[in-house]
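Here is a short tour of one protein chain, written to be read with the model open beside you. Let us walk through it together, one part at a time.

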Amino acid sequence: MTTPWQDPTSVRLMLDDLETWAVVGLSGDTSRTAYPIAALLQQRGKRIVPIHPDAPTVLGEQGFATLADVPFPIDVVDVFRRSDAAGEFADQAVAVGAKAVWFQLGVIDEPAFERTVAAGVPMVMDTCPAIEWAKPAR
């Protein structure tokens, strides 16, 4: 059984069709979960864009301090922040015209989900691309 925020159609749209992933919280710290997931996204052909206050270059990609600083279109905003801090990034994603929002495993903000979907932007929460790619095709 899936929750409304793990809609298979939204998951497939993001994993199969959307290419540029802004990864909120991505730094050069290889021990943080965002790093190997960003590397996996790259291995799967996605362009990653690190979003971090320090704006580091990570995995060969220039970082930006905020989503608003990114000078090109973003397809997916992938959020590696605690649930209590994640909602603002869903709002920023809508504001910058992102096509979708993904909150990582353990990150749930139902009001942010409702706002984002109401704005016409698909959103996935509480799962990870690595988990979803490992599932058998439906």
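Helix H1 (residues 8-17) lies across S1, S3, S4 and S5, and runs at about 105° to S4. Please keep in mind that this is a predicted model.

The strands under discussion belong to an open sheet of five, ordered S2-S1-S3-S4-S5 and paired in parallel fashion. At the edges stand S2 and strand S5 (123-124); each has a single partner strand, so one side of each is left without a neighbour in the sheet. Further in, S1 and S3 are joined by four bridges in the parallel sense.

How many helices and strands does the protein chain have? The secondary structure comes to five helices and five strands, and along the sequence they follow the pattern α-β-α-β-β-α-β-α-β-α.

The largest nonpolar core holds 24 residues, and the members touching the most others are Ile51, Val77 and Phe103.

| Element | Residues |
|---|---|
| Strand S1 | 20-24 |
| Strand S2 | 47-51 |
| Strand S3 | 76-79 |
| Helix H3 | 83-96 |
| Strand S4 | 100-103 |
| Helix H4 | 110-118 |

H3 gives the largest share of this core, with four residues. A second, separate core has 21 residues, including Ala38, Leu41, Val76 and Ala100.

Which residues of helix H2 (residues 34-43) are buried? They are Ala34, Ile37, Ala38, Ala39, Leu40 and Leu41. The buried residues of H2 pack against S1, S2 and S3, and also against helix H5 (129-134). Just after H2 comes glycine 45, with a positive phi of about 90°.

Finally, the chain as a whole. Its radius of gyration is 14 Å, which agrees with the value near 14 Å for a compact globule of 138 residues. The C-alpha trace spans about 40 × 30 × 25 Å along its principal axes. Of the 138 residues, 46% are buried. Among contacts with a separation of 6 or more, 57% link residues 24 or more positions apart. The accessible surface comes to about 6700 Å², and 53% of that belongs to carbon and sulfur atoms.

Definitions and conventions
Residues are numbered from 1 along each chain as its sequence is written. This is a predicted model: local features need pLDDT of at least 70, side-chain atom pairs count only at pLDDT 80 or more; totals for chains, interfaces and linings use all residues. Side-chain values use heavy atoms; hydrogens and water are left out. A nonpolar core is a set of buried Ala, Val, Leu, Ile, Met, Phe, Trp, Tyr and Cys residues joined through side-chain atoms within 4.5 Å. Buried means under 20% relative accessible area, exposed over 50%, partly exposed in between (1.4 Å probe, protein chains only). Helices (H or I, at least four residues) and strands (E, at least two) are DSSP runs, numbered from the N terminus. Contact means heavy atoms within 4.5 Å. Two strands pair if DSSP finds at least two bridges between them. Axes are lines fitted to C-alpha atoms, for helices over the stretch in contact, and angles run from 0 to 180 degrees between N-to-C directions. The radius of gyration is taken over C-alpha atoms; the globule rule is 2.2 Å times the number of residues to the power 0.38. Accessible areas come from the Shrake-Rupley method with a 1.4 Å probe; for residues, only the protein chains shown count as cover.
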